[in-house]
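Thanks for asking me to go through this one with you. My notes follow the model, point by point.

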Amino acid sequence: MKTVTTTYREALREALREALSSDDRVFLLGEDVGKYGGSFGVSLGLVEEFGPGRVRDTPLSESAFVGAGIGAAVAGMRPIVEIMTVNFSLLALDQILNNAATLRHMSGGQLSVPVVIRMTTGAGRQLAAQHSHSLEGWYAHIPGIRVLAPATLEDARGMLAPALADPDPVVIFEHGSLYNFSGELAVPDGPLDISSAAVRRHGDDVTVLTYGGSLPKALTAADLLAAEGIGAEVVDLRVLRPLDDATITASVARTHRAVVVDEGWRTGSLAAEISARITEQAFYELDAPVGRVCSAEVPIPYARHLEEAALPQAEDIAAAARGAVGRRG
């Protein structure tokens with residue numbers, strides 16, 4: 001299979017380029033997505049290629065431009081809305097929750113809202129508390145939307161097309177620490193699945209469940225554990241709503257232990273929901289309590305050493321996995 005060397009950022013850009021090229025109804029809108037090329041450089045060069053009518057800079061009003069995207073979707077367009085960071089998406093939460101997620105239900109199925117909303121999430125880049133939180137669990141709480149978290153080049157490249165084909169709203173979270181990640185990307189040979197989790201590494205002793213920017217840390221932790229003779233199976237959730245219960249419980253049934261890694265805060269977290277589902281659906285498969293590795297319950301600090309201390313790290317994940325299998329190190 002043919003491969004190309006690329007980055008996560010470039011994979012996202014190529015997905016946008018393909019979407020804009022293949023369907024005249026698709027357009028991109030958001031703050032600085034045009035001439036500036038996007039706050040994180042994802043849309044660089046697209047306004048020159050497709051023009052300002054298809055790559056639209058907007059005023060600094062998340063509620064206004066997310067609302068415009070929802071209205072365009074209801075009218076038959078296929079908008080891609082970029083929100084600079086997840087923290088700022090809260091200014092558009094009324095539009096996302098009370099309009100995008102509800103209009104199909106409130107219209108008796110007469111209205112579809114095929115809008116895709118992309119936003120950067122996560123910490124680890126010293127951008128302080130107002131630009132660094134992980135609120136994916138908040139959005140995964142909302143019925144009526146699909147929530148995706150691409151953590152690999154393949155998912156960064158391949159999730160947008162099926163998201164645009166979905167008749168309902170799709171929210172895509174891009175972890176800021178992944179934009180510069182580079183590697184080999186296979187040329188896609190068909191549509192990507194956006195309904196299932198993916199096992200990224202097989203193991204027999206403990207299941208590590210995670211998503212987004214925590215996936216590389218989980219894989220590093222699995223390497224540390226392998227050197228100690230512990231086989232960690234790493235499951236990339238990928239789809240945060242609806243969760244793929246079948247893949248989660250099948251992995252736990254094999255390993256009989258689970259650790260959930262979530263960059264969100266522990267209280268009321270996505271990790272708590274997954275832990276509850278494992279307990280509900282696979283309780284008698286468990287040989288140890290479900291472990292959780294989450295961010296410290298503080299606003300994300302600016303200082304690098306404090307930020308690193310607040311976030312789940314590979315050694316924290318490895319320590320939780322050792323505890324699950326009964327080893328302390």
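1. A residue is called buried here when its relative accessible area is under 20% and exposed when that area is over 50%, with partly exposed in between. Please also keep in mind that this is a predicted model.

2. With that cut-off in hand, have a look at strand S5, residues 116-121. How many of its 6 residues are buried? The count is 6 of the 6, so S5 is largely enclosed by the rest of the structure. Val-116, Arg-118 and Thr-120 point to one side of the strand, while Ile-117, Met-119 and Thr-121 point to the other, and all are buried.

3. Next, the partners of S5. Strand S4 (residues 78-85) runs parallel to S5 and is joined to it by 5 bridges. Strand S7 (residues 170-175) is parallel to S5 too, with 6 bridges joining the two. Thr-120 is a handy landmark here: it stands opposite Thr-85 and also opposite Glu-174 in S7.

4. Is Glu-82 buried or exposed? Its relative accessible area is 7%, so with the limit for buried at under 20%, Glu-82 counts as buried. Which side chain makes a polar contact with that of Glu-82? The partner is Arg-118, at 2.9 Å, and Arg-118 is one of the buried residues of S5. Beyond its neighbours within four places in sequence, Glu-82 also touches other residues, among them Leu-28, Glu-31, Ser-39 and Phe-65.

5. Now to an open sheet of 5 strands with mixed pairing, in the order S9-S11-S10-S13-S14. Strands S9 (198-201) and S14 (291-295) are at the edges with a single partner strand each, so one side of each has no neighbour in the sheet. On average, neighbouring strands of this sheet are turned by 25° against each other, direction ignored.

6. Helix H10 (residues 215-226) lies across S9, S11 and strand S10 (206-210), and runs at about 170° to S11.

7. Finally, a check on helix geometry. Helix H1 (residues 8-22) has 15 residues, so at 1.5 Å a residue it should span 21 Å; its end C-alpha atoms are 21 Å apart, which agrees. Buried residues of H1 include Tyr-8, Arg-9, Leu-12, Arg-13 and Leu-16.

Definitions and conventions
Residues are numbered from 1 along each chain as its sequence is written. This is a predicted model: local features need pLDDT of at least 70, side-chain atom pairs count only at pLDDT 80 or more; totals for chains, interfaces and linings use all residues. Side-chain values use heavy atoms; hydrogens and water are left out. Two strands pair if DSSP finds at least two bridges between them. Helices (H or I, at least four residues) and strands (E, at least two) are DSSP runs, numbered from the N terminus. Axes are lines fitted to C-alpha atoms, for helices over the stretch in contact, and angles run from 0 to 180 degrees between N-to-C directions. Contact means heavy atoms within 4.5 Å. The expected span of a helix is 1.5 Å times one less than its number of residues. Buried means under 20% relative accessible area, exposed over 50%, partly exposed in between (1.4 Å probe, protein chains only). A polar contact is a pair of N or O atoms within 3.5 Å; within protein, one must be able to donate a hydrogen and the other to accept it, and residues adjacent in sequence count only if both atoms are side-chain atoms.
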